Amino acid sequence: MKTKLGLIYGGKSAEHNVSLRTALAVINALDMSKFNIHPIYINENGEWIRGNALDAPVKEVSTLKLQDTGNTVSPVSLNAELFPAQTEQQDKIDVIFPLLHGPNGEDGTVQGLLELLNIPYVGNGVLASAAGMDKVVMKNLFAQAGLAQANYVSYIKSDYEKSPEDAYKQVEEALGYPCFVKPANLGSSVGINKCKDRESLEQAFKEAFEFDRKVIIEEGIVGREIEIAVIGNDDPSCSVVGEIAPKKEFYDYKAKYEDGDTDLIIPADITEAEYETIKEMAIKSFKAIDGSGLVRADFFLTEDGKALINEVNTMPGFTPVSMFPLLWKETGIEYPQLIEKLVDLALQRFDQKQQIKHTF
């Protein structure tokens with residue numbers, strides 16, 4: 001029996017197109033003798049459109065932009081058992097892989113829906129997804145777990161607007177320059193700016209608030225950008241480490257997805273002791289957010305060998321040339337096998353949850 005795998009992609013976020021690229025890569029990597037692939041596209045208006053099951057690879061991203069020709073569905077129809085009137089039983093999906101980046105996707109919202117529908121899904125649950133998306137909450141959890149990290153401050157828009165001058169002064173006194181201003185709830189380096197003076201700080205605040213009601217400001221750290229991939233549930237394991245070597249001042253959206261102006265060094269040239277420290281911190285961060293399935297943990301490694309955790313990404317870039325799959329490839333797990341392993345982890349976690357008592 002083939003596994004009926006639903007792929008949810010697109011979504012209402014600034015990372016819509018990134019999600020489409022991820023979906024294309026996953027579809028073309030899956031072994032179609034093992035999986036029936038059911039595409040579920042969320043367009044930029046937030047409409048869910050379910051396509052016919054795929055029996056062949058897809059060549060173009062544009063093919064995945066399913067059009068509304070009467071096949072718009074309610075998300076609840078994904079569970080054929082709870083809502084048999086809305087879905088034919090033969091269309092029941094065994095497990096879903098949410099290939100969504102950013103808000104309304106990897107932030108716990110879709111995960112909460114799938115929990116309510118009682119459908120197994122790949123990746124992190126509601127809590128970990130929400131915490132991993134909100135950089136302020138995430139860093140607060142890291143602090144509680146005793147993980148070393150850069151200093152930071154945060155603001156919500158309404159508080160900032162009451163006294164922008166006070167916000168700028170606090171940043172300058174607590175962090176100094178250079179510093180980085182980021183939307184708290186966004187990924188793929190969207191809306192991030194490096195600030196070297198008051199003028200650039202003011203502009204960075206304004207831009208970040210265009211993407212979110214909350215911003216985080218972090219001190220600038222001089223160090224190498226090191227990343228490690230984690231997979232698992234209660235007993236996670238780590239890949240080798242990689243290094244991001246941007247040719248620009250920092251690893252922004254264009255460097256990631258457009259101009260390729262970045263070197264990915266895998267494995268990174270670090271000592272065994274540094275690797276063991278980063279590995280231990282990565283697993284600790286995974287457990288701090290109650291992770292499951294996968295995360296990519298990002299670090300700064302200073303000249304004196306001190307590791308500082310920057311963030312975890314609960315749905316990292318997942319094309320074959322993205323850091324997460326490349327790290328596992330170097331570790332010995334090829335891209336198609338990595339997808340299958342994540343599906344297996346999703347089903348294991350679902351089975352474990354089914355054993356929990358819900359009655360008294």
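Five strands form an open sheet in the order β4-β3-β2-β1-β5, with mixed pairing. The model is predicted. Helix α1 packs on this sheet, touching β1 and β2, and the largest nonpolar core has 41 residues.

**Sheet**
- β4 (72-73) and β5 are the edge strands, each pairing on one side only.
- β2 and β3 (residues 48-50) run antiparallel and are joined by three bridges.
- Ile40 has Arg50 in β3 as its bridge partner.
- The direction of α1 makes about 155° with that of β1.

**Helix α1**
- Helix α1 covers residues 16-29; at 1.5 Å a residue its 14 residues should span 20 Å, and this agrees with its end C-alpha atoms, which are 20 Å apart.
- Because eleven of its 14 residues are buried, α1 is largely enclosed by the rest of the structure.
- Among the buried residues of α1 are His16, Val18, Leu20, Thr22, Ala25, Val26 and Ala29.

**Nonpolar cores**
- Within the largest nonpolar core, Leu7, Tyr9, Phe97, Ile231, Phe318 and Leu342 touch the most other members.
- Two or more residues of this core come from each of β1 (3-10), α1, β2 (35-42), β5 (95-98), β10 (224-232), α10 (323-331) and α11 (335-354).
- Not counting residues up to four places away in sequence, Phe318 touches residues including Thr22, Ala25, Val26, Phe97, Leu294, Tyr335, Leu338 and Leu342.
- A second core, separate and of 26 residues, includes Val241, Phe286, Phe299 and Ile309.

Notes
Residues numbered from 1 in each chain as written. Predicted model: local features only at pLDDT ≥ 70, side-chain atom pairs only at ≥ 80, totals over all residues. Heavy atoms only, no water. Helix = DSSP H or I, 4+ residues; strand = E, 2+ residues; numbered from the N terminus. Expected span 1.5 Å × (residues − 1). Buried < 20%, exposed > 50% of the residue type's maximum accessible area, 1.4 Å probe, protein only. Core = buried A, V, L, I, M, F, W, Y, C linked by side-chain atoms within 4.5 Å. Contact = heavy atoms within 4.5 Å. Pairing = 2+ DSSP bridges. Axes fitted to C-alpha atoms, helices over the stretch in contact; angles between N-to-C directions.
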